[in-house]
Amino acid sequence: MGIHMINELPVRQKNANLSSNFVMRVGIPHSGGRLAMHAFNEDFPAMVSASAFWDKTKREFRMPEATNLSELDFALDSAGYTGILNFQRNGKQEGIAGIFPWSYAAYMEFANLSGCSWYSQSDLCVEQAVANNREAIDYRIRATATILEGMLQILYEWQNQLARSCNSTVVANMLRPPVPVLQGRNIRDYLFSLELLNSVWERWHGWLDTPALIGIGSMCRRDLHDPDEGLYAILETLGRNFPKGARAHCFGVKNLALNELPKMGFIASSDSMAWDFNSRVKAHKQGASNTMSRRTNEMTAWMQSAMARVAASVRI
């Protein structure tokens, strides 16, 4: 097919290389330091928010000169929830959709230079705390698809420029497609979000392959069993409608859900920051300081519990 020739773009690009096993990622709130070191020492796959790398003073992304993340399997979250909270506190921002402080180009450049295993598109979440009416939910679902289109347009142009001097293999390795993200409050919302995503992705068919991985957002603190807004009902419906061959990453699901998620063949992974919240709550109840030692111990305990649930689910 000639895909190694200079001046030709790569074709049928994958947005993630996935393990056949379910992967549980521990959320890390920093770009380095002891928490990243602990995750590395324990061999925990990680999820890190883009906001952890953002220098508010210099208004640029910065990777620490020395961080264990460089040797760790970590995925990059676009910090959509943090972005909307900052927008609500501080008003319109300079970057993407007026929500993020950084531009499309800044985020995508950093994501591709960071060494992350995969990175999520910038998206607008719809948790109750940030989207409390139907108008806001609908807008953010549509805006998430629009942002995906913008990111793919930029990626296509960048790859075209790079292909003038590099072969297609180098182009594909240096500039990777993002993981698209679905948003919604109920089953109908997520199906509509999936319809929009498919419409956007199809316009780039051939240059991109079917997404290997699709993120499912606004899962944090969600009820598990509600027939319309519950985690299981939404995932079961999406599983019947996902593009053939695509798998899902569930952002921020409850520990209890790990009893069921690995049984759903299309769920590739999940992540959680619950361990850090638990550490703060326990320290407060005990009237103690939430020390780094306490936090690392809680990270280990939470991940051991999570992986025990995953293992038990797989055995059933």
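Nine helices and nine strands make up the secondary structure of this protein. Helices (H or I, at least four residues) and strands (E, at least two) are DSSP runs, numbered from the N terminus. The model is predicted, so local features need pLDDT of at least 70 and side-chain atom pairs count only at pLDDT 80 or more, while totals for chains, interfaces and linings use all residues. Residues are numbered from 1 along each chain as its sequence is written, and side-chain values use heavy atoms, with hydrogens and water left out.

## Overall form

Let us begin with the whole chain. The C-alpha trace spans about 60 × 45 × 45 Å along its principal axes. Of the 316 residues, 53% count as buried; buried means under 20% relative accessible area, exposed over 50%, and partly exposed in between (1.4 Å probe, protein chains only). Among contacts with a separation of 6 or more, 71% are accounted for by residues 24 or more positions apart, where contact means heavy atoms within 4.5 Å.

## The sheet

Seven strands form an open sheet with parallel pairing, in the order β5-β2-β1-β9-β8-β7-β6. The edges are β5 (74–77) and β6, each with a single partner strand, so one side of each is left without a neighbour in the sheet. Two strands pair if DSSP finds at least two bridges between them.

The parallel strands β1 and β2 are joined by three bridges. Across this pair, V26 stands opposite A46 in β2, and I28 stands opposite V48 in β2. A46 and V48 point one way from β2, M47 and S49 point the other way, and all are buried.

Strand β9 holds I267, which is buried, with a relative accessible area of 2%. Beyond residues up to four places away in sequence, I267 touches F22, L235, R247, A248, C250 and L261.

Helix α7 covers residues 231–241, and its buried residues include L231, Y232, A233 and I234. L235, T237 and L238 of α7 are buried as well. The buried residues of α7 pack against β6 (181–182), α6 (187–202), β7 (213–216), β8 (247–251) and β9.

In the loop between β7 and α7 lies E229, which counts as partly exposed at 34% relative accessibility. Apart from neighbours within four places in sequence, E229 is in contact with R185, N186, R222, D223 and I234.

Q13 sits in the segment before β1 and is buried, with a relative accessible area of 6%. With neighbours within four places in sequence left aside, the contacts of Q13 are Q159, A172, L175, P177, W207, L208 and D209.

## Pocket and cavity

Rolling a probe the size of a water molecule over the atoms shows where empty space is left. On a 1 Å grid over the protein atoms alone, a cavity is a set of points where a 1.4 Å probe fits but cannot get out, and a pocket is an open set with protein on both sides within 12 Å along at least five of seven lines; lining residues have an atom within 4 Å of a point. Grid points are joined across faces, edges and corners, and a volume is the space filled by probe spheres set on the points.

| Space | Volume | Lining by class |
|---|---|---|
| Largest pocket | about 1100 Å³ | 18 nonpolar, 13 polar, eight charged |
| Largest cavity | about 30 Å³ | five nonpolar, three polar, no charged |

In these classes, Ala, Val, Leu, Ile, Met, Phe, Trp, Tyr, Cys and Pro count as nonpolar, Asp, Glu, Lys and Arg as charged, and the others, Gly among them, as polar.

The largest pocket has 39 lining residues, and Y81, C220, R221, G252 and M273 lie nearest its centre. At least two lining residues each come from β1 (23–28), β2 (46–49), α2 (80–90), β9 (267–272) and α8 (274–285). Helix α8 gives the largest share of this lining, five residues.

One cavity of 30 Å³ or more is found in a search of the whole structure. The lining of the largest cavity consists of Q121, I141, T144, A145, V181, S193, L196 and L197, with α4 (134–162) and α6 each supplying at least two residues.
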